[in-house]
Amino acid sequence: MSENSKTTLGLKQVQAIAPYIGGRPISEVAREYGLDENKIIKLASNENPLGLPESAKNAMLAVMNDLGRYPDSNGYELKKVISEKLQVPEHWLTLGNGSNDILELVTRSVAQSGDEIIFSKHAFAVYPLATQAVGAKAIEIDAKPADLGHDLNAMLSAINQHTKLIFVANPNNPTGSFLSGEEIQAFLTKVPSHIVVVIDEAYNEYLLPEQQYDAIAFVRQYPNVLVSRSFSKAYGLAGLRLGFSVAQSDLTDLLNRIRQPFNVNSLAMAAAIAAFNDAPFLAQGAAINRAGYIQLTQAFEEMGLHYLPSAGNFVLVQVGEDDQAGSRVNLALLKAGIIVRPVGNYGLPKWLRISIGLPEENSAFIAALQQILGK
């Protein structure tokens, strides 16, 4: 058959998916704009500016000699550590190749063509992608105008006989909006028990002490609740791709039936065990994040820019009044060697999402933004 054939390959719902596009790599930006890689600052992908903890490096070195063998498909040692810390049974845990893997596993487990999946506008881009991949119908609920966060009452109103799954990101990416434990509890009491609710907590470790709540208690109380978490952000393991979920055994069993064998590699699991117990590293990261948040938001206020309060390790800031503002300022920043995240694909073309970096990285970004905007 010739390349010019009219035959269409693949499922229609897959053909309709716009592939996920991550933050641009430093090497790619260096090539495109003729820049020195060592001078480029990346504040685009909500990565930990401290990088990989030393404890994780040492743990990976310790298992290097066994990389000729398959990893433990069940992840026994890592699950044991998580189980003990969260006080949940090990059979309530599922490991994923990043928490993204978890989100796709739960979608494939509970929804198919003809079903409906509810999530908020301006929420994580993987929710609509996972929905399209299984042929389900996406029910996108308008965000609350004040913080562009989840309108839980509107989400409840959208539930019908076709609803199978609801995604709730807390804190939400890319807006940074936060829902209190009381708000989530009230929401869960009203969701029918046959509908799965995913509480996506990829940024949970960045919550301030007064914001923290016990999401695992919701799992204990509600068999239809799954909590998803990530090792990519606060733990500094983004390049190793590892996440996990906590849910009661019936739901966890579904995920593990379709999970790829050996979906998490040996290096990632060894690093995660070390990082999960590295309290000083987590504390240092939280302190740097809080100081960086203050540094960025004070600069935005001085420049007269509108930003949204954030409970994550990033800030969403409006950089103009026209719908080309985000892409225009992003391009100027790229040429200055600073990578941030345009969010036009989230329906926010006037805004940029800025990951919180080290103090000197934040300062370089602020100086470049001031020059570009003439502030």
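Select asparagine 46: this residue is buried, with a relative accessible area of 1%. Buried means under 20% relative accessible area, exposed over 50%, and partly exposed in between (1.4 Å probe, protein chains only). Asparagine 46 has a positive phi of about 55° although it is not a glycine. Its place is the loop between strand S1 (41-42) and H3. Helices (H or I, at least four residues) and strands (E, at least two) are DSSP runs, numbered from the N terminus.

The model is predicted: local features need pLDDT of at least 70, side-chain atom pairs count only at pLDDT 80 or more, and totals for chains, interfaces and linings use all residues. Residues are numbered from 1 along each chain as its sequence is written, and side-chain values use heavy atoms, with hydrogens and water left out.

**Backbone stops**

Go to histidine 122. Its phi is near 65°, again a positive value in a residue other than glycine. Most residues other than glycine have a negative phi, and most peptide bonds are trans. Histidine 122 sits in the loop between strand S3 (116-120) and helix H6 (126-133). It is buried, at 9% relative accessible area.

A cis peptide bond joins asparagine 170 and proline 171, with omega about -5°. The bond from asparagine 173 to proline 174 is also cis, with omega near 20°. Proline 171 lies in the loop between strand S5 (163-169) and helix H8 (181-188). Proline 174 lies in the loop between S5 and H8 as well.

**Salt bridges**

The structure holds 7 salt bridges. The criterion is a side-chain nitrogen of Lys or Arg within 4 Å of a carboxyl oxygen of Asp or Glu.

Show aspartate 115 and lysine 164. Their closest N and O atoms are 2.8 Å apart. Aspartate 115 lies in the loop between helix H5 (99-110) and S3, and lysine 164 in strand S5, so the pair ties together parts that are 49 residues apart in sequence. Aspartate 115 is buried at 8% relative accessible area. Lysine 164 is partly exposed at 25%.

Next, select glutamate 201 and arginine 229, which meet in a salt bridge at 2.9 Å, N to O. Glutamate 201 is in the loop between strand S6 (196-200) and helix H9 (215-221) and arginine 229 is in strand S7 (residues 225-230), so the pair links parts 28 residues apart in sequence. Glutamate 201 is buried at 0% relative accessibility. Arginine 229 is buried at 9%.

Then pick aspartate 322 and arginine 328, with closest N and O atoms 3.0 Å apart. Aspartate 322 is partly exposed at 29%. Arginine 328 is partly exposed at 45%.

**An open sheet**

Color S9, S12 and S11. These 3 strands form an open sheet in the order S9-S12-S11, with antiparallel pairing. Strand S9 (314-318) and strand S11 (341-342) stand at the edges with a single partner strand each, so one side of each has no neighbour in the sheet. Two strands pair if DSSP finds at least two bridges between them. S11 and strand S12 (residues 351-355) pair over 2 bridges. Arginine 341 stands opposite arginine 353 in S12.

**Last stop**

Select methionine 64, in the loop between helix H3 (54-63) and helix H4 (76-86). Methionine 64 is partly exposed at 42% relative accessible area.
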